[in-house]
Amino acid sequence: MRVPLKNSTILVTGGAGFIGSHLVDRLLHEQAKQVIVVDNLFTGDKAHLSDALNKGAILYIDDAEIEGSLDYVFHRHSVDIVFNCATKALNYSFLNPANAFMTNVVVLKNLLEQQRKKAFQTLCHFSSSEAYGTSVYEPMDEQHPLHPTTAYAAGKAAADMLLQSYVQMFDLDAFIVRAFNNYGPRQSFHEELAAVIPKTIERILKGKAPEMQGTGRQKRDFIYVADTVDAVIKVYPKLQSGEVVNISADHPIAIGDLIQKISHLLHYSGEIIKKEPRKADVLNHHGCNKKLKALIPDFTFTSFDQGLEKTIYWYQEKFNESFA
Ligand SMILES: NC(=O)c1ccc[n+]([C@@H]2O[C@H](COP(=O)([O-])OP(=O)(O)OC[C@H]3O[C@@H](n4cnc5c(N)ncnc54)[C@H](O)[C@@H]3O)[C@@H](O)[C@H]2O)c1
């Protein structure tokens with residue numbers, strides 16, 4: 001029987017980031033006894049945790065790649081459960097591939113070692129659809145081969161394999177949630193590292209033309225961040241150790257259509273700048289969510305239109321605040 005979230009002490013690595021901070025809020029709502037975050041604020045933002053910190057969450061601004069940093073946290077707190085959300089952005093792997101790869105692998109390696117030494121009981125690790133690479137069949141289920149095309153994705157795939165090896169070798173209680181593309185409030189919009197949705201919104205709000213890399217026919221499967229967190233919380237007691245589940249809304253959309261949609265919602269009808277295709281770009285992602293739906297039969301997804309409107313609203317508010 002897995003230790004329940006309620007009344008547990010839970011560590012979220014990368015918890016000041018986009019998905020991690022929403023997860024922290026939700027864990028507090030689920031009445032975790034204590035939520036602890038370790039985040040080096042590489043892309044994370046303390047402001048994402050302002051509610052959570054007011055409700056008693058603890059933030060360590062520290063690097064989970066440093067074993068001693070984790071030793072310190074596990075020494076100070078009797079942690080039951082860890083959610084690993086720490087990563088450096090996919091786009092960063094084009095600037096510093098070795099570092100992006102190492103972050104994805106080393107943070108998880110450190111956590112698995114802590115778990116092997118019984119520092120905590122259960123590990124939920126966030127993988128990424130990027131580990132699959134371009135689909136060789138669709139929808140892509142959990143048996144789809146891993147063909148990573150970037151150093152970021154190679155790190156995600158390697159981390160997944162590392163987790164599965166530790167489960168088999170040391171009987172750890174650890175499992176993988178493999179998320180497809182997330183969008184929603186708090187996603188980083190730092191231009192160089194930003195994903196397509198925040199980047200497009202940000203550029204239009206700043207009066208710049210949106211950019212499209214390649215033909216725009218490359219597809220991604222988008223899920224609203226609150227749905228991802230809801231799914232993770234609901235699969236938590238159900239997944240077996242070593243298991244993987246796709247977290248996908250089964251909503252693939254071509255990037256060109258997506259940029260048009262955002263432009264339309266922001267009443268932008270100007271030019272869309274065509275850029276060279278990104279090297280090693282995944283051409284098609286379409287996740288199969290049959291397993292997720294079998295695990296959570298009554299699961300409902302936020303519609304893409306509704307999610308996108310909420311997301312745009314959040315960036316507009318942020319944008320207005322910065323000019324207030
Ligand atoms: N956003 C997506 O579309 C998406 C899709 C699939 C999977 N995922 C996965 O979900 C998880 C969370 O992603 P996200 O979108 O919230 O990313 P994010 O960049 O917003 O958050 C990652 C957090 O990790 C922190 N971090 C980086 N290196 C660290 C280190 N060495 N020690 C401690 N903290 C460190 C960053 O500061 C940041 O706050 C990641 O595992 C990612 O691979 C995300």
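Student: Which residues is Asn-104 in contact with, leaving aside its neighbours within four places in sequence?

Tutor: Asn-104 is in contact with Ala-86, Thr-87, Lys-88, Tyr-152, Gly-155, Lys-156 and Ala-159, where contact means heavy atoms within 4.5 Å. This is a predicted model, in which local features need pLDDT of at least 70 and side-chain atom pairs count only at pLDDT 80 or more, while totals for chains, interfaces and linings use all residues. Residues are numbered from 1 along each chain as its sequence is written, and side-chain values use heavy atoms, with hydrogens and water left out.

Student: Is Asn-104 buried or exposed, and how do you know?

Tutor: Its relative accessible area is 3%. Buried means under 20%, exposed over 50%, and partly exposed in between (1.4 Å probe, protein chains only), so Asn-104 is buried.

Student: Where is Asn-104 found, and what separation do its C-alpha and that of Gly-155 have?

Tutor: Asn-104 lies in helix H5; helices are DSSP runs of H or I with at least four residues, strands are E runs of at least two, and both are numbered from the N terminus. The C-alpha atoms of Asn-104 and Gly-155 are separated by 5.1 Å, although the two are 51 residues apart along the chain.

Student: Gly-155 is in H6, I see. What span is expected for H6, and what does it reach?

Tutor: H6 (residues 151–170) has 20 residues. The expected span is 1.5 Å times one less than the number of residues; for H6 that is 28 Å, and the helix reaches 28 Å from its first C-alpha to its last, close to expectation. Its buried residues, including Gly-155, Lys-156 and Asp-160, pack against helices H4 (92–95) and H5 (97–116) and strands S5 (122–128) and S6 (173–179). After H6 comes Asp-171, with a positive phi near 55°.

Student: What makes H3 oblique to H5?

Tutor: The axes of H3 (residues 67–76) and H5 come within 10 Å and cross at roughly 40°. Axes are lines fitted to C-alpha atoms, for helices over the stretch in contact, with angles from 0 to 180 degrees between N-to-C directions. Under 35 degrees is roughly parallel, over 145 roughly antiparallel, 65 to 115 roughly perpendicular and the rest oblique, so H3 is oblique to H5. Glu-67, Leu-70, Asp-71 and Phe-74 of H3 meet Lys-109, Asn-110, Leu-111 and Gln-114 of H5.

Student: How do H7 and H9 cross, and what does that make them?

Tutor: H7 (residues 196–205) and H9 (residues 255–265) have axes that come within 10 Å and cross at roughly 40°, so these two are oblique to each other.
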